Each structure stands twice: as C-alpha cells, then as structure tokens.
Amino acid sequence: SYAVQAKYEDYDESTYKPGMLASEDLLPQRVIDQYQMTPEMWEERIKIWYADHRGMSRDEAEMEYLKIAQDLDMYGVNYFPITNKKDTDLWLGVTALGLNMYEKENKLTPKTSFPWSEIRHVSFDDKKFTIKPVDKTAPNCVFFSLKVRMNKLILDLCIGNHDLFMRRRKPDSMEVQQMKTQAKEEKTRRQMERNKLAREKQLRETAEREKAAMEQRLLQYQEEIRLANEALRRSEETADLLAE
C-alpha cells in the first residue's frame with residue numbers, strides 16, 4: 001500500500017478502477033502462496049490500506065515502505081554460492097550488518113553470522129576467502145567461492161557495506177546535524193500545511209452540505225407554500241360556488 005501511495009499519491013475513488021493494481025508487482029510470490037487469497041481479494045485489501053494513507057507525501061510513503069522492508073529476513077542480502085573447507089555447498093549473504101552463511105536449502109536463517117563490528121579484514125586469494133575477526137585470538141573463517149570472476153564483486157560489496165556500517169556509527173558533523181534539523185522542520189511545516197488543507201477541505205465540505213440541506217429545505221418550504229396557496233384557492237372557489 002505504501003508503494004502504491006508513493007507511485008500514484010492519494011487514493012481517488014472517482015479515478016480508481018478495479019484491476020488497476022493487478023499489473024503492479026506488489027507482493028513476492030512466497031507471500032501470495034502463503035495465504036489462500038485470490039488476486040481480487042489482495043487488491044481489495046491493499047486498496048483499503050492505500051486509502052488510509054491519504055495526505056502522505058511520496059517521500060514519507062517511500063520511507064514507511066523501507067521501514068517495513070528492512071525488517072524482512074532477506075532485505076538487502078546479496079547471495080553468492082560458496083563451499084566450506086569440507087566442500088559443503090552454502091550461501092554467503094553480504095548485508096548492511098555483516099556477513100552471513102546459510103545452508104543451501106535455507107536462505108532465511110543464517111547458520112553463522114559475522115557482524116561488521118567484529119570483522120577486521122576480508123581478503124581472497126584465487127577462490128579462497130579469509131575473514132579475519134577483530135579478536136586476534138579467534139580463528140579465521142575460510143570459505144571458497146565457486147567462480148573466480150565473482151570474487152571482486154564479493155570483496156567490493158564487503159568493503160562498501162563495511163564502510164557504510166562504520167560511517168553510520170560516527171557522530172554526525174555539524175553540517176549534517178543542521179541538514180537533519182532543517183529536514184525535520186520542513187517535515188513539520190509540510191505536516192502543518194497538510195493538516196491546514198485537510199481542515200479547510202473538511203470545513204468546505206461541511207459548508208457545502210449545510211448549503212445543500214438549506215436549499216433542500218427552501219425548496220420544500222416553497223412547495224408547501226405552493227400547495228397551501230393551491231388549497232386556499234380551491235377553498236375560495238368552493239366558497240364562491242356555495243355563495244351563489
């Protein structure tokens with residue numbers, strides 16, 4: 001629903017058409033297979049959530065989407081086939097938090113994990129990779145890639161993710177702090193503006209409903225007066241006939 005909000009912005013019942021979301025790749029197949037729901041049922045459920053996001057900006061919708069996505073087990077994981085010293089087939093997962101090793105049939109639950117904060121160095125020689133821990137008394141971890149041409153990619157991902165991990169843990173510079181403060185103030189300003197527009201819209205809709213109700217009552221009164229005048233006219237005509 002956040003992905004739809006980010007793409008189409010506010011839900012509009014007048015332009016929304018059934019089946020509109022059918023062409024969107026919104027759910028992974030394993031989620032669809034997990035629940036006994038038809039595509040139409042999924043679309044109806046997503047549409048309800050989508051409508052609840054009214055007033056949310058594209059940036060905010062994307063941020064909410066990422067907040068949910070980053071908690072998923074396979075979010076941001078790059079998988080590579082490897083083997084250990086016993087020649088057992090495994091998966092290496094390079095993530096923003098560290099390196100994981102998974103059994104061949106299970107990409108969700110790591111068999112072994114190495115957080116970046118505990119890794120001192122990663123290197124390779126031909127197909128052999130070595131992970132050196134920060135604790136120099138701990139043994140090195142060795143694994144083997146299946147393709148030499150993947151080694152540079154694996155190492156680049158390790159270096160990049162490790163660098164980002166360390167940078168995220170450094171105190172923000174004064175410039176970054178100022179940017180965050182400005183962004184927070186801008187977000188507050190936009191929220192206040194949206195609240196103001198929402199109140200104005202609500203007041204306008206209320207005024208329009210009251211105006212329509214008054215016009216309806218006026219028409220009703222006019223009709224009652226017309227009927228009363230008609231009845232009075234017939235009564236006077238009847239009185240004149242009786243008088244003759």
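This briefing describes the overall make-up of one protein chain and then some of its residues. The model is predicted, and the protein chain has an average pLDDT of 83. Six helices and seven strands are present in the protein chain. Of its 244 residues, 23% count as buried.

**Overall layout**

- Read from the N terminus, the elements of the protein chain follow the order α-α-α-α-β-β-β-β-β-β-β-α-α.
- Contacts between residues at least 6 apart in sequence can be sorted by how far apart the partners are, and 42% of them join residues at least 24 apart.

**Confidence**

- A pLDDT of at least 70 is reached by 90% of the residues in the protein chain.
- Among the elements, strand 2 (residues 89-94) has the highest mean pLDDT, at 93.
- The lowest mean pLDDT among the elements, 68, belongs to helix 2 (residues 29-34).

**Helix 3**

- Helix 3 covers residues 39-52, which makes 14 residues.
- From its first C-alpha to its last, helix 3 reaches 20 Å, close to the 20 Å expected at 1.5 Å a residue.
- The buried residues of helix 3 are W42, E43, I46, K47 and Y50.
- Seen down the axis of helix 3, these buried residues fall within an arc of 135 degrees, so they line one face of the helix.
- I48 is also found in helix 3, but I48 has a relative accessibility of 43% and counts as partly exposed. This value is not under the 20% cut-off for buried, and it is not over the 50% cut-off for exposed.
- The C-alpha atom of I48 is separated by 8.4 Å from that of S1, although the two residues are 47 residues apart along the chain.

- T130 lies in strand 6, which covers residues 128-133.
- T130 counts as buried because its relative accessibility is 13%, and the cut-off for buried is under 20%.
- Leaving aside residues up to four places away in sequence, T130 touches H121, V122, S123, N140, C141 and V142.
- One of these contacts, C141, is itself buried, with a relative accessible area of 15%.

**Cysteines**

- How many disulfides does the structure hold? The structure holds zero.
- C158 counts as buried, with a relative accessibility of 3%.
- C141 is buried as well, at 15%.

- Most residues other than glycine have a negative phi.
- E9 has a positive phi, near 65 degrees, and is a residue other than glycine.
- Where does E9 lie? E9 lies in the loop between helix 1 (2-8) and helix 2.
- Is E9 buried or partly exposed? E9 is partly exposed, with a relative accessible area of 40%.
- D126 is also a residue other than glycine with a positive phi, here near 60 degrees.
- The loop that holds D126 runs between strand 5 (119-125) and strand 6.
- Strand 6, on one side of that loop, is the strand in which T130 lies.

Technical notes. Residues are numbered from 1 along each chain as its sequence is written. This is a predicted model: local features need pLDDT of at least 70, side-chain atom pairs count only at pLDDT 80 or more; totals for chains, interfaces and linings use all residues. Side-chain values use heavy atoms; hydrogens and water are left out. Helices (H or I, at least four residues) and strands (E, at least two) are DSSP runs, numbered from the N terminus. Buried means under 20% relative accessible area, exposed over 50%, partly exposed in between (1.4 Å probe, protein chains only). Contact means heavy atoms within 4.5 Å. A disulfide is a pair of cysteine sulfur atoms within 2.5 Å. The expected span of a helix is 1.5 Å times one less than its number of residues. The arc is that of the directions from the helix axis to the C-beta atoms. pLDDT is the predictor's confidence in each residue, from 0 to 100.
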